[in-house]
Each structure stands twice: as structure tokens, then as C-alpha cells.
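Here is a short briefing on one protein model. Keep the structure in view as you read.

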Amino acid sequence: MNLNTALKSQHRIYKVAALPIAAVLAFVLQTPGGLTWLQAGLLGFGLASVGELISLPAWYSCRISPIDRTPRWRLLSTHIVAAQILSLLWVGLGKLLAHALSFVPALQGIETRFAERTAIAYGAGCVFYLLAVSFHYVSLAQEATRELETRAMQTSIQARDAELKALKAQINPHFLFNSLNSISALTSIDPSRARDMCVLLGDFLRMTLGLGEKTLVRFSEELELLQKYLAIEKVRFGDRLKMHENIQEESKACLLPPLLLQPLVENAVKHGIAGLPEGGDVRLSAVRQNGRLAIVVENSWDPDAPPRRSGGLGLKNVQQRLEARYGKEANVRVNTEGEMFQVSLSLPAESEEKA
């Protein structure tokens, strides 16, 4: 909080507190043998009106003498001296006000009566200063806590964004490496298909460059990207690769991190279809319901096949990106029972209107 904003805030607070302070002063000054209620009320209101002369110096003293970083002796001496000086100034202003009011016929004697109450006014000024100091220290502590929370939140957001960028940046090289391996294998077997695959790969990479700059993309764009990816793999696997989609129309408008599904489909092809001589199916389904987007990727696989070592990111990358983006609001489940390997994603159904 800058100085100008802080001063305005303190001024607003004092304006609210001025009336109760005036009432307390009037009550103290009209004690038996003191001023009348009218005299005490006028003086109390007048002193409360200039009481900001005590409140603002108290606020400034608190700022230049933080309670947690100032030696105790210095803290006490600063506030004791300030309380005495400001209380004397306050009493002096009260005497001037009483003198001015004494010219009003109905208020004759107010100056003399107030002079008899200067010790009370002085004590009230000291108490008022100490209360102001206590209030300001509490306010400063709350302000410091809010700033720490804000900085911690900003640091967390920056760290999460950095993690997301790092994870997303790893996907393109991962896929490119696998695709180039496939093209290399095809050049000696079927050069024509290798050329077709190069063209398709170029189209795919051009699209990823556009989507990769975004934090979120529409599910429909992710589906289009998957179709380009599968077209590349279709060159390699031919009829062995069969793709089936069951996509709810409403789900296509949902937003999700770019290149989220491509590693899952790539795993389905690499670790499922590629290991089956007769090939198999890759199924993708999605539904938006109750504020959630549910996506399921399934593929044929051989449950009895030995596990393969994966040199890429795959499922782990997807889990990390979802966790970094949504925290506990998203989850990934894997089902390896039966002849279909299934990965289910559940995440908040964000849309462009809410993003």
C-alpha cells in the first residue's frame, strides 16, 4: 500500500471514530464539578475534530518504528515522548477553543472550567494516543500479512506457469522424435509413404505452433490436432489402426490445456496397436456433464505382453499438467482390466465465457 492510499485510509477510519471519541471526551469533561453538558459537548466535539493531529502522527510513528524490528527501549521512548508532546498540543488547542467559546454568553465560564480539567484532557490525550498506536500496529500487521499472502500466491502462480510451460515444451520434441523415427524406417521400405508422412508432419507441427502459444484451447481444436496426428500414424500402420470417436457436441466448446490428449493417443498407438500383429482400435469419447468434462481414451492391447520402457512423457506428463493447472479439481484414472487399456480424465468444464 503506497503512502497516499494509506493516508486516505487512515483519514476515513478517523472520520468514523471521531463521533465516539467526542462522546467519551464530553462525558469525561462534564464530571461533577466540571463543565456543563453543553460546554463539554462542544469542547469534546472540537477536540475530536482536531484529534487526527494525534492519530496521524501515531500512525507515522508506528510505520517508522516497526514493533518487530525496533529495540524495545527505542519503541517505548518514541511513543512516550510523542504521547506527551501531542497531548500537550491537544490541550493547548482545547484552551484556544475554550477561549473562543467563552465569548458566547451562554458559555461563559467555559475557559475557567476547562482550565480545571486540563489534567484530565491531557490524560485523555495520552490514552487516545496509546489506543491509536495499538490500532495502527494491528492494522500494519494485517497489512503485512496480506502482502505476504499476495506474494506467496504470486510466487505459486509463477511457479505453476513455469512448470506448465516446461511440460508443454517437452511434448513437441517427444512427438517429433518418434515421428522422425517412423519416417526414417519408412524411407527404406516405402519412400512414397515416407514423403506423405513428412507432409502430414509439417501440417501437424504448423498447427501445434499456433496452439502451443495458448494457455487453453477448445476441445474441438484438440480433436482436429488428434486427427492430424492419427493421419500420420495411419500412413505407418494402415488398416491396422482403427479410430472411433464418440464426442458429445456440447463438450467441443470446453477449454483444456493444448496437446493434452495427443500423448495419450500416442501411447495408445505405440504401446497398444503397435504390439498387436492384427492391429486394433483406439476409441475416444467425451461428455460434458454437471460442470465437468470427462474424456476417455481406450485402446486394444495385449495384457500378457511384457511391459515396455517408455522413453517419453506420456501419461505422467498429462497427470503433471492437469495437477499444475487444476490441482485436485482434475484426476486421471487408468484401467488395465480386459483387452482394452483405458485412461479416463475428469476436469472442470471451462468455457471461453468463463475463462
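Leaving aside residues up to four places away in sequence, Ser 351 touches Ala 253, Leu 255 and Arg 288. The model is predicted. Ser 351 sits in the segment after strand S7 (340–348). Its relative accessibility is 8%, so Ser 351 counts as buried, the cut-off being under 20%.

**The sheet**

- Five strands make an open sheet with mixed pairing, in the order S2-S4-S5-S7-S6.
- Strand S2 (241–247) and strand S6 (331–335) stand at the edges. Each has a single partner strand, so one side of each has no neighbour in the sheet.
- From one strand to the next, the twist averages 10 degrees.
- Strand S4 (residues 280–289) pairs with strand S5 (residues 292–300) in the antiparallel sense, over eight bridges.
- Val 287 stands opposite Ala 294 in S5.
- Helix H10 (residues 314–326) lies across S6 and S7 and runs at about 15 degrees to S7.

**The aromatic pairs**

- The count comes to two aromatic pairs.
- The ring centres of Phe 204 and Tyr 229 are 6.5 Å apart, and the planes stand at 55 degrees, so this pair is tilted.
- Phe 204 belongs to helix H7 (residues 191–212) and Tyr 229 to helix H8 (residues 219–237), 25 residues apart.
- Phe 204 is buried at 0% relative accessible area. Tyr 229 is also buried, at 0% relative accessibility.
- Trp 301 and Phe 341 form an edge-to-face pair, 5.4 Å centre to centre with 75 degrees between the planes.
- Trp 301 lies in the loop between S5 and H10, while Phe 341 lies in strand S7, 40 residues apart.
- Phe 341 counts as partly exposed, at 23% relative accessibility.

Definitions and conventions
Residues are numbered from 1 along each chain as its sequence is written. This is a predicted model: local features need pLDDT of at least 70, side-chain atom pairs count only at pLDDT 80 or more; totals for chains, interfaces and linings use all residues. Side-chain values use heavy atoms; hydrogens and water are left out. Helices (H or I, at least four residues) and strands (E, at least two) are DSSP runs, numbered from the N terminus. Buried means under 20% relative accessible area, exposed over 50%, partly exposed in between (1.4 Å probe, protein chains only). Contact means heavy atoms within 4.5 Å. Two strands pair if DSSP finds at least two bridges between them. Axes are lines fitted to C-alpha atoms, for helices over the stretch in contact, and angles run from 0 to 180 degrees between N-to-C directions. Rings of Phe, Tyr and Trp (its six-membered ring) pair if their centres lie within 6.5 Å; planes under 30 degrees apart count as stacked, over 60 as edge-to-face and the rest as tilted.
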